[in-house]
Amino acid sequence: MSSISTSSSSAFPGSPLSTWLGRLPAGQLRALLAARPDTLQPYAPNDLGELATRLLDKASVARAMSRVPLRCLQVAEALAASGAIGSGVARERLAGLLRDADGEGARGLDLALAELAGHALAWQDERGLWHLAEQVARTWPTPLGLGTGLAELLDEKTTDELCGMVEALGLTVPETRQRRLDTLLAHHTDPELVRDLVAMAPAASQELLLAHSRTVRTEPVPSSLPGLRWALDRGLLVRPRYGQVPARMPAEVALILRGPEWRAPFAAVPPAPPLVSAPADAVAKEAAASAFAFLDRAAAVLAECAARPPERRKAGGVGPRELLRLGKAARCAETDVRLALELGRAAGLLCRDEERFPATADYDAWLAGDPAHRAATLLRGWRSVPATPTRTRDREGRTLPALLELPPRRDVTIARRTLLNAASRLPAGRGAADPTTLGALVSWHRPLAARLDEDTPPFTTLLAEATRLGVLAHGALSPLGTALLADEETALVEAARQLLPAASERARIGGDLTAVVAGAPSARLERALDAVADRESRGAASVWRFTQGSIRRGLDAGSTAASIEAELTGLNGGQLPQPLRYLIADTARRHGQLRVVSAGCVIHAPEPALLTEIIYHRKLAPLGLRQLAPTVLVSRTPAPETLAALRTAGYAPVTEAVDGTVQVERTERPKPAPQPARHAPLPGQRGYAASVGRPEPERLDRIVAQLLVAAKRSEDFLRQAAPQLSADAIGELARGVDTGSRVLLEHPDEHGRPRRCAMDELTLDPPGALYGWCHEHRRDHDFTLSRLTNATPAP
């Protein structure tokens, strides 16, 4: 049984954040850890000091800030401008700095402060003043366009320089340096005194001061500039002692000169996009059409990747030439090719093997699934992929390859989930009049993610992807988007099943030698038709065409005329049209009349006239044919090229082995190399770093209990773990834990009879055990807190 350290915040002594954490109720502490799960990795903090250190870590603060809305950033910037890092800022002062924060926006200000506190980016001390984490304040070099505070600027001034400033203001000069500083601070923070002073200044000085008050100046001001000396002498502008640094205006003075009506921008509530009617049935219908169309195009792209894996460029990714080839083969646009490739890799359907991107074993299972499972797999890949797949240009306007192995961007996954959340908050039956206006909602909810997006307007590419996948329709969240937001696999598959048509098992074969399949063909139907027919179109209805070459392909793969006709009859649900039966019979009759022997590439046939016709065929002259016997020819060209040339000329030869048996030709998909576990990236492949999820509730409860014990708050923990004990018993037990004093514990034995045991050196072991030295048995002993009936002082 491990003991729990009860030391105070030694890892972060005197930290205001540690003090604030120590006052939090158990429920708020639990919510904070759930909001900042990265602080629990890779192990739990031992005390509040260690937790405070983790919460203030630069990377941890950056991750937390990426999760807060715009109003939180605006309040945090106002806190930084008000000096909340040191002395703290009252809420009333914040409300006076922010526009509309004292009227209808008051609730927005309270929500922003609560959310900042919920992420430990800001906290409130016992006096009610708000403090800001220093790492947060560094986000803005000049918060609200204000410069450094007066106290910091005057700190490097000599006593004589401070004396001159006080004299120039016409004030009595105190004797000590500190009192001179206090005099200047009191004067320059009084709005009425500062405005009266500037009103009496020369015109050149007034113009210079107003220019400095609007923004922080970065260019040096010449010493001879009119009006500069007057402002420097009175401390309204302060020039550093060393270096060519521009004269700076104290933040307090700049804020006063901006006028009493000036307020910093504050968006208390998210923007409301223009809405239009979006009935649920219309949204579902449009989402179904978009999802079905993309699923069909993605299947075509992935099928081409399975047959001919795209090659990887030396610099990484799939280049424009391969994208063009895939687009032509799948008959879809480059945008669909990029999206299908990226989602296929995210879903584990593609991987990098040597210098290609072949299909994996998971692709076969995906292909055998119904449309609902196929769509759900791709949608889950889109939710987790840390990139914008359809982005085609970089910041310099150069073409971006697909499937680049770049570090994952967390801001993309955050923005994608924020989009789903923002769309879910729209009124029922209403959608955005222009889907791009939803980007403004994403920018408000996750403003730091918006900074990393090059789209204009923001998130245009992300919104286009969501619409293309059927996640958004008519500017509203579709059933697919709702299920994707809930992150429930069963719900997502069921939503896709409700929207997408079931896989078709039948084909309608016509006398024009075509087979038409309405909706999505099943995997079995697709394989059967691809074996003996050429696919001409995809979409709401897929069309295959039977030709002599396609039938011969099926015969080459080992089928017979009877088996092909029987299988197509079953798929058609009735007798085949006469033209197709004639085509199958005629192709089968001619099939195999010519036999090509691999050894020496010998061609033989039972009819000498046929070989005579071939040897004098002009297009076959490059083969270098020579007649060895009336029924035997030999070619100097290898067997594969000879077979291709004969078939191009209109003949139907087959390959024969040395022993006289006909060889079956099947087109095999290139097999990928063995790959590691599903989520482990291959060498050189971009590893999709899974975002840190919320910890399990049991683990979270244990960590909270441990922190409470470490913070000398044993009573809080005991009230939760042993609610059956009286207040006096809990107090006595807590005293024994905190001081190590002896306690008499009462508990039932194995037969239910009451027993007493004197214990000391007690240690709480969350989530519900008590560990200590038992004087009766002279050994360490542990109890379950829920079984204790009383605790009293030991005699």
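Q: Which residue of β10 is the bridge partner of Thr514?
A: In this predicted model, Thr514 has Arg545 in β10 as its bridge partner. The pair belongs to a longer run of pairing, since strands count as paired once at least two bridges link them. Strand β8 (residues 514–518) and strand β10 (residues 541–545) are joined by 5 bridges and run antiparallel.

Q: How many bridges pair β7 and β8, and in which sense?
A: β7 and β8 pair over 2 bridges, in the antiparallel sense. Within this pairing, Arg508 faces Val516 of β8. The two strands make a hairpin in which 4 residues lie between them, and Leu513 in the turn has a positive phi of about 65°.

Q: In what order do the strands of this open sheet lie?
A: The order of the 4 strands is β7-β8-β10-β9, and the pairing is antiparallel. β7 (508–509) and β9 (534–537) are the edge strands; each has a single partner strand, so one side of each has no neighbour in the sheet.

Q: Which elements do the buried residues of α28 pack against?
A: The buried residues of α28 pack against β9 and β10, and also against the helices α27 (523–532), α29 (561–572), α30 (578–590) and α32 (639–648). In helix α28 (residues 548–556), the buried positions are Ser550, Ile551, Arg552, Gly554, Leu555 and Asp556. After α28 comes Gly558, with a positive phi near 110°.

Q: Which residues have the most contacts inside the largest nonpolar core?
A: In soluble globular proteins, nonpolar side chains tend to be buried together. Here the largest nonpolar core holds 88 residues, and those with the most contacts inside it are Leu21, Val75, Leu79, Val136, Leu209 and Leu237. Helix α5 (residues 70–81) supplies the largest share of this core, 8 residues.

Q: Where is Thr461 found, and is Thr461 buried or exposed?
A: Thr461 belongs to helix α24 (residues 460–468). Buried means under 20% relative accessible area, so Thr461, at 16%, counts as buried. With neighbours within four places in sequence left aside, Thr461 contacts Thr388, Thr390, Arg391 and Asp455.

Q: Where do Leu144 and Arg331 lie, and is each buried or exposed?
A: Leu144 lies in the loop between α8 (134–137) and α9 (150–154); its phi is positive, near 60°, though the residue is not a glycine. Leu144 is buried, with a relative accessible area of 12%. Arg331 is in the loop between α17 (320–330) and α18 (334–346), and this residue, also other than glycine, has a positive phi of about 55°. Arg331 is exposed, with a relative accessible area of 56%.

Q: How many disulfides does the count come to?
A: A disulfide is a covalent bond between the sulfur atoms of two cysteines. For this chain the count comes to 0 disulfides. Cys305 is buried, at a relative accessible area of 0%, and Cys774 also counts as buried, at 0% relative accessibility.

Q: What do the totals for the chain come to?
A: The chain has 35 helices and 20 strands, and 48% of its 795 residues are buried. Among contacts with a separation of 6 or more, 64% link residues 24 or more positions apart. The accessible surface is about 37,700 Å², and carbon and sulfur atoms account for 53% of this area.

Conventions:
Residues are numbered from 1 along each chain as its sequence is written. This is a predicted model: local features need pLDDT of at least 70, side-chain atom pairs count only at pLDDT 80 or more; totals for chains, interfaces and linings use all residues. Side-chain values use heavy atoms; hydrogens and water are left out. A disulfide is a pair of cysteine sulfur atoms within 2.5 Å. Buried means under 20% relative accessible area, exposed over 50%, partly exposed in between (1.4 Å probe, protein chains only). A nonpolar core is a set of buried Ala, Val, Leu, Ile, Met, Phe, Trp, Tyr and Cys residues joined through side-chain atoms within 4.5 Å. Contact means heavy atoms within 4.5 Å. Accessible areas come from the Shrake-Rupley method with a 1.4 Å probe; for residues, only the protein chains shown count as cover.
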